[in-house]
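Work through the following exercises with the sequence and the model at hand, and try each task before you read its solution.

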Amino acid sequence: DLLHFVWEERGGPSVSEPDALGFGSRLMQATAGSLNGTARCSYDPDGVRWILELPLARIRGGQSAGPSGAA
């Protein structure tokens with residue numbers, strides 16, 4: 001089971017890929033990596049798109065969710 005999360009920002013000023021990673025990008029990648037997941041960012045002229053994929057077992061702490069969704 002995998003959490004697939006997409007964040008898109010559109011309608012703002014034109015964007016381009018930065019020369020260096022900023023704090024937020026490093027934080028997203030480090031957090032995803034610590035959970036055995038991935039974080040990818042794409043920079044299109046009309047907006048930014050982040051895709052995070054995280055194993056649900058790591059998010060739940062290795063516990064199965066009960067009927068109400070609580071661990």
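**Exercise 1.** Decide whether Glu-8 is buried, partly exposed or exposed, and find which side chain Glu-8 meets in a salt bridge.

*Solution.* Glu-8 has a relative accessibility of 43%, so Glu-8 counts as partly exposed (buried means under 20% relative accessible area, exposed over 50%, partly exposed in between, with a 1.4 Å probe and protein chains only). Next, the side chains of Glu-8 and Arg-10 meet in a salt bridge at 3.7 Å, N to O (a side-chain nitrogen of Lys or Arg within 4 Å of a carboxyl oxygen of Asp or Glu). This is a predicted model, in which local features need pLDDT of at least 70 and side-chain atom pairs count only at pLDDT 80 or more, whereas totals for chains, interfaces and linings use all residues. Residues are numbered from 1 along each chain as its sequence is written, and side-chain values use heavy atoms, with hydrogens and water left out.

**Exercise 2.** Give the order of the strands in the open sheet.

*Solution.* The order is S1-S3-S2, with antiparallel pairing (two strands pair if DSSP finds at least two bridges between them). S1 and S2 stand at the edges, each with a single partner strand, so one side of each is left without a neighbour in the sheet.

Definitions and conventions
Helix = DSSP H or I, 4+ residues; strand = E, 2+ residues; numbered from the N terminus.
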